[in-house]
Amino acid sequence: MIRKSAAEMSEALTKKEVSAEELAIAHYERIDAVDPKVRAFLYLDRDGALSAAKNVDARRAKGESLAPLAGVPLALKDVMTQKGIPTTCGSKMLEGWRPPYDSTVVTNLKKNGVVILGKTNMDEFAMGSSTENSAFHPTHNPWDLTRIPGGSGGGSSAAISSFEAPLAIGTDTGGSIRQPAAVTGTVGVKPTYGGVSRYGLVAFSSSLDQAGPCARTVLDAALLHEAIAGHDPKDSTSINAPVPKVVDAAKRGDVKGMKIGVIKELQGEGYQKGVLERFNESLEILSGLGAEIVEVSCPSFDYALAAYYLIAPSECSSNLARFDAMRYGLRVGEGSAEEVMNATREAGFGKEVKRRIILGTYALSSGYYDAYYGSAQKVRTLIKNDFENAFTKADVLVSPTAPTTAFKIGEKSNDPLAMYLNDIATIPVNLAGICAMSLPSGLATEDSLPAGFQIMAPAMADDRLYNAGAALERELLAKWGKPILDLAPELI
Ligand code: GLN
């Protein structure tokens, strides 16, 4: 049962072939068996999950009509608040903090009867591409335990790819849903900015952060997307418009006549050979299905990484100022407020978080503001214009999700720039506020590890991602003869 998709689990629950309680127990058994090696979770809420599951079973027994995902288990990235459940953001700074409220994503999950198994590991405050920046422990890629599961949401991607949960929540500021999906052979979607509420999502970079679905299939991602999306008056940047019909789109999967734009700047030098081979193969498949492939150019993308690494640290230096030893979690030392604050921040924040706070504080300081932050904001507009231009020529745009397959744990941890380069293809989407999906395109020939195919669509056209993604997924599945995770030589 745990190897089924969320949609199949939902069907089995509806037909009463399995109960939500049995499903939760089966997943905890799997977690007990493999998580000592994978280390995807930071916290398991066994009591809460089992009582939520029993509640769903009781409602079903009474004949109530339930939401499609009622009774389906999920793993929650530890950046989202869940009332009474420890929320650390992968940081010592928040160790021991139990939020007094639910994030809107969690409220929506609960309304849908989704069973939250526990909280997943992540890079501290979502800063990183490998989950090695977690203050607690790294998470291991189920395809090869010596490799990273992506980041910052490596706990969520590892949980779904090792069958510890069929669904997970991630957050994507510069790629943290899509790059982990790419390197674990799973599906991840960064919805349009404002499409899913940020209320209760611990802020890293508020103008970029977006929560979204992680799953093993395009349809499962769509079901989760619809469950969590929608307007929220508690988030001033939430979009007040109907949620795009992503489930219908995932069921349609028809690209005939669709114009697909290949972004010239997001391929070539720096991209692994096998990743590009799988990318080109996917393009051929889409073209064979009747899509028209065109090439588009987005010249400002060359500056996207530089702009991101000014904007995100600037916003983080402001957002993380709230961790002052007075309000949440950790408190170290004694003496004046300033002394306690200094000692707590010194002990509570890891190296990467400190690096970003220093970078951001510098970029925002008087005298440098125009040269750094101001210029980065102008580049952001140019990137948005590049996308707008490209979308006059194509309905969706595509690229490899990440330039490489999963790298080894430790390989890039002493070289922040090499780590940052892993997000080269995902970051422009966040800067423009549009939406994108990563789905598996197959295994790179040289290392037999999964590669990711990225589809991008204009703001509020999230349904196009699911339509194109479902078409490609169906053809690839037929080609492989089985789901990509079944191709893993040894999946734990
Ligand atoms: N890896 C990127 C960073 O370190 C993106 C992180 C994210 O999307 N949260 O900022």
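Start with C298: it counts as buried, because its relative accessibility is 0%. Buried here means under 20% relative accessible area, exposed means over 50%, and partly exposed is in between, with a 1.4 Å probe and protein chains only. C316 is also at 0%, so C316 counts as buried.

Some ground rules. This is a predicted model: local features need pLDDT of at least 70, side-chain atom pairs count only at pLDDT 80 or more, and totals for chains, interfaces and linings use all residues. Numbering runs from 1 along each chain as its sequence is written, and side-chain values use heavy atoms, without hydrogens and water.

Next, Y368. The residue sits in the loop between α12 (351–364) and α13 (370–393); helices are DSSP runs of H or I, at least four residues, numbered from the N terminus. Y368 is partly exposed, at 36% relative accessible area.

Last, the ligand. Its polar contacts are N or O pairs within 3.5 Å. A polar backbone atom of G174 is 2.7 Å from a ligand oxygen. For a backbone N or O atom of G175, the distance to a ligand oxygen is 3.2 Å. Y309 uses a polar side-chain atom, 3.4 Å from a ligand oxygen.

Definitions and conventions
Helix = DSSP H or I, 4+ residues; strand = E, 2+ residues; numbered from the N terminus. Polar contact = N/O pair within 3.5 Å; in protein donor to acceptor, adjacent residues only side chain to side chain.
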